[in-house]
Amino acid sequence: MIRKLVENIGVRVALKYEKEVLGVRDARVLTEPERYKGYDIESRMRDGSLKYIEVKASRSGVPDIELTGNEYQHILNNPERSFVYMVTEAFSNPTLHVIPGTALKDLMPARIAIWWSNWSSKIIEKWKPPI
């Protein structure tokens, strides 16, 4: 519940930035069925082309950024038009940090998680040592 509240604050701060600072009138949060796209907000670049924003938020002032495989793949496929908006100190002093996809695409993730449901079908051999 707290996590969802932090996320909602992050999205509201990101939308406010797009609309009030950048002057984008048609920035919008994706609906739940659209979330498979790998980002949270569709907005516009200065030239009018589509801009993709993945919003991350934290109560901390120095958080790590955690992306799903889908979010990361979207950034890799669209680095020029993708951004991560990181909102730190969401409860006490919300601060928006804008990170362009072009800067993120060359970073090596510190951790990659592959779910059991994805890797279990790829097993070619299974062995149990005798006890």
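## Before you start

This is a predicted model, in which local features need pLDDT of at least 70 and side-chain atom pairs count only at pLDDT 80 or more, while totals for chains, interfaces and linings use all residues. Residues are numbered from 1 along each chain as its sequence is written, and side-chain values use heavy atoms, with hydrogens and water left out.

Start with the 5 strands, which make an open sheet in the order 1-2-3-4-5 with mixed pairing. At the edges sit strand 1 (28-29) and strand 5 (95-100), each pairing on one side only. Strands here are DSSP runs of E with at least two residues, helices are runs of H or I with at least four residues, and both are numbered from the N terminus. Two strands pair if DSSP finds at least two bridges between them.

Strand 2 (residues 41-44) and strand 3 run antiparallel, joined by 4 bridges. For Ser43, the bridge partner in strand 3 is Lys51.

Helix 1 lies across strand 1, strand 2, strand 3, strand 4 (82-88) and strand 5, and it runs at about 145 degrees to strand 3. That angle is taken between N-to-C directions on a scale from 0 to 180 degrees, with axes fitted to C-alpha atoms, for helices over the stretch in contact.

Ile9 lies in helix 1 (residues 2-21). Is Ile9 buried or exposed? Ile9 counts as buried because its relative accessibility is 13%; buried means under 20% relative accessible area, with a 1.4 Å probe and protein chains only. Beyond its neighbours within four places in sequence, Ile9 is in contact with Ala90 and Phe91 (contact means heavy atoms within 4.5 Å).

The largest pocket has a volume of about 1,700 Å³. Of its 44 lining residues, the closest to the centre are Lys56, Glu66, Leu67, Thr68 and Glu71. Helix 1 gives the most to this lining, with 7 residues. A pocket is an open set of points on a 1 Å grid over the protein atoms alone, where a 1.4 Å probe fits, with protein on both sides within 12 Å along at least five of seven lines; lining residues have an atom within 4 Å of a point. The volume is the space filled by probe spheres set on the points, which are joined across faces, edges and corners.

The second largest pocket holds about 160 Å³ of space. Its lining includes Tyr17, Arg44 and Lys51.

Key. Buried means under 20% relative accessible area, exposed over 50%, partly exposed in between (1.4 Å probe, protein chains only).
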